[in-house]
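Hi,

Here is the structure I promised to pass on.

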Amino acid sequence: MTKAKRKRLIYNLVTFGLVIGAFIILENMIAAKAISRSLKGQLVPICAWIIMAVSLNLVIGFSGELSLGHAGFMSIGAYTGAVVSGWLVAAFDMQDPILRLVLTILAGGILAGIFGVLIGIPVLRLRGDYLAIVTLAFGEIIRNLVNVLYIGTADGNLHFAFLNKEMPANVTMLVDGAKGAVKIKPISTFEVGFVLILITLLVVLNLVNSRAGRAIQATRDNRIAAESMGVSVTKYKMMAFVTAAVLAGMAGALYGLNSSTVVPTQFTFNQSINVLVFVVLGGLGNVLGSIISATFLTVLPEVLREFADYRMLVYAVVLILVMIFTNNPTTRAIADRLFAPVKKLFHKDRRETAGGGDVK
Amino acid sequence: MTQKKKHRSDTKMVPVPSHSIVPERDVNEIPVMETRHLGIEFGGLKAVDDFNLTIGKTEIAGLIGPNGAGKTTVFNLLTKVYEPTSGAVLVNGQDLHGMSIVQASRLGIARTFQNIRLFDKMTVEENVRIGLHNQIKYDMFTGILRLPRYWKQEKHQHKRAMELLDIFGMQDLADETAGSLPYGAQRRLEIVRALATDPKLLLLDEPAAGMNPHETEELMENIAKIRDQFQIAILLIEHDMSLVMGVCEGICVLNFGKIIAKGTADEIQANPAVIEAYLGKKKEG
Amino acid sequence: MIFLDNLINGLSLGSIYAIIALGYTMVYGIARMLNFAHGDVIMVGAYIAFCGLQYWGLPPVLAFVVAMLFCTCLGITIEGLAYRPLRQATSLAVLITAIGMSYLLQNIALMIWGANPKSFPTTFINGSSIRLGQLNISTAAIITILANVVIMVGLTLFTSRTKLGKAMRCVSEDRGAAELMGINVNRTISLTFAIGSALAAIAGILLCSSYPILQPTTGSMPGIKAFTAAVFGGIGSIPGAMLGGILLGVIEIFGKAYISTELGDAIVFAVLIIVLLVKPAGLLGKPMREKV
């Protein structure tokens, strides 16, 4: 096994190990009732945000395109989840919540994926900041359209209306325009969320270390060189974009079915930005970092609830300071010097193991 | 316009090497690459004009000329980075008209870049593996699900990448990040990566730039070795005349976008037009 | 008549977008960064003017000047403290910092002025309107459109005639070369932020004179739309920002009037996407060719 391969294996093992370990600890805490009510309520959203962050990292960190509309895909998933779940009950009287949840998550992923293809075709023709602004525009369009969407069930059939609410008399509304998706029966569970995280990790980490994933990274590092090597840039950018959209749609369905209502204002541009912050703070291309920062930054506001008035202020200041300190050459040099002894230790350690291992 | 159309229709015929630099070589075979009246204009400026060149199957040819003569533009035309405004490029008799960079690459053109364009954040081996991209066939789901085909192909790919890196003795660097390599090694890696695409024609854009005389000499031997081992044609742009004269069987001199001379090293060295292009007009008296 | 009414409303809204978009486009052209906090500078400007009129009892003209001065200083401070240390950083790092700055401004405003919307006084530009036959044109609309024209002409003259303006164009063209020519790049960038922020204050006051609801998030949506307008017209181009802003305002008002009120924003963004697909560098932007 080569050095690079081993490094990657260790990284993947640590990533999976941490997620699984955290899950086991939390499950035990839930069983022992050693977990606060508010934290318990946060478990499913944390899962959803982790999936959002990891999937966005695929687009930004690995394919190198800035997407500012990721929450749009999440909202598609959330709405699809609410509708499909309501429809499954109304039309087929499906009561098993887990089966229903799995089916709705799949539906959410598929629909978000279809939108990912439709949006990706125009978006990926653009570059850099223009691409970013168009993803932002699409996110806003999705939010706007959902705002005037009406879906209801009557006699087991789905009824759609757009802009005007024309529904049969005996209708049960599932999506009610600006009021959002209403009367959802919350069926999301932490366990399903955990499995979804594992699937996300499996998809993203395995994809990245495969032929397609390398092609995706090549298009990020140097577009023209990748094309000259016979790598179709559009195809692989699209692959990353759509995969991320599918995962975001699944996360959306999970998130939407965790509460009784979903409103369009939950998925604004600001929400896309939040996920972007998870990704950037966790490190571009660093999946484990995305997981940690998504978890930390989702839990933190809850912990700081007593400082509700100041928490966003503090968050803003910390965000600015972290960005400056990690990106300014001077502060970086200072930090490097401070951590030099630690790094030296680590390096020496690594060299020794490398010497003992099978380098060739 | 009509003239261009007419020209396009006759490119469908089997081309005859008409402007080969070294006529006696590979004369009976379809040339690997042939350009016919190739030209491109940027806003009225003819950057390359009436460029005719034929390269035989295992020929090493040089493209030289003063700075700004349009050499790299020729490479960009051959690899479809630019669409020519006149004329045609034929690869193994096939017209590249309307093709993309990717399609040109799949027909067997590979290149290196004057300003190095490696995949900086990826390892050396991964860079080579991108070169192997189109020879390794498994789809996205095989990769995600790690089906047996994935393991088999990855193993094969690794072996092939190592063989290719061995050309320049770079196996030890396989796990380094490409962007962290020293300059000379980066240039060599670009050549390895281009070779990985299994090309029929390799375009080298100033491969010896920034190398010391010793390294240049080594590179010269390696270029010849690559041609013999892979049986491919090579076209190189270079300012180092010792390399060009030493390794190229045919040389083409470009000035202000036009070919001013073609021939063997000796012929070029004796050509007054070439001397004038490089040194300026000799003042009478 | 309704058509003309809508047209004037559209031009007025578009003029506000254009003034904001100028700030975005100038900063982008020179510092190559998307300054997401720009929309919030508008909000701050409007609040300062509001305080000037309501609490400090300043005459309107003075309140206006105070707001402009305050925003100018704010712009320079933001640039110096948050963006200057990141001159060499990746554009993504700068973007996130700008987003942090946007949050910061909103939350400071929230702490000082509270979340409850304030009604912006109409004493500033009085709520009267001029009658032209059957047409009713509000004074605010006229002033907004006039302000836009004046700013446009002023900025064009500034960048083409003055030494500082030429320095700005140099820096946007090639920062390294400008530095070698002895242009103080940092000072030029500061100047750009100063001008952009002063314009933001004007835009904030005009915006709140036409749509008199003032709250900490007042600036974000117009900010995003003005940013879209800048991209629409070709980011980095001053006439482009003007054109983009006005078109965007007209499209928004017409979309709301003739297609659907709820879908006004969606129509605006859809038009942006279509324009970018046809002209990837925006209406007046220069296409960039990558050197190979």
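In chain A, look for helix α2 (residues 37-62) and helix α9 (residues 233-256): they pack with their axes 9 Å apart, at an angle of about 170 degrees. Angles over 145 degrees count as roughly antiparallel, and α2(A) and α9(A) are therefore roughly antiparallel to each other. On the α2(A) side, the residues making the contact include V44(A), I51(A), L58(A) and F62(A). From α9(A), you'll find F241(A), L247(A), M250(A) and Y255(A) among them. The residues of this contact divide into 19 nonpolar, 2 polar and no charged.

By the way, keep in mind that this is a predicted model.

Next, hop over to chain B. It has an open sheet of 4 strands, in the order β2-β1-β4-β5, and the pairing is antiparallel. Which strands sit at the edges? Those are β2 (45-55) and β5 (94-95) of chain B, each of which pairs on one side only. In case sheets are new to you: strands of a sheet pair through backbone hydrogen bonds, either parallel or antiparallel.

Zoom in on β1 (residues 33-42) of chain B and you'll see it joined to β2(B) by 7 bridges, with the two strands running antiparallel.

Chain C has a hairpin. Strand β2 (residues 129-132) of chain C and strand β3 (residues 135-138) of chain C run antiparallel, and 4 bridges join them. R131(C) has N136(C) in β3(C) as its bridge partner. How many residues lie between the strands of this hairpin? There are 2, and G133(C) takes a positive phi near 65 degrees.

Last stop: where chain C meets chain A. Here 35 residues of chain C are in contact with 34 residues of chain A. On the chain C side, α4 (91-113), α9 (220-233) and α11 (264-278) each supply at least two of the residues that touch chain A. The largest share, 12 residues, comes from α4(C).

Cheers

Note on methods:
Residues are numbered from 1 along each chain as its sequence is written. Chains are lettered from A and ligands numbered from 1 in the order in which they are written. This is a predicted model: local features need pLDDT of at least 70, side-chain atom pairs count only at pLDDT 80 or more; totals for chains, interfaces and linings use all residues. Two residues are in contact if their C-beta atoms, placed from the backbone, lie within 7 Å. Two strands pair if DSSP finds at least two bridges between them. Axes are lines fitted to C-alpha atoms, for helices over the stretch in contact, and angles run from 0 to 180 degrees between N-to-C directions. Angles under 35 degrees count as roughly parallel, over 145 as roughly antiparallel, 65 to 115 as roughly perpendicular and the rest as oblique. Ala, Val, Leu, Ile, Met, Phe, Trp, Tyr, Cys and Pro count as nonpolar, Asp, Glu, Lys and Arg as charged, and the others, Gly among them, as polar.
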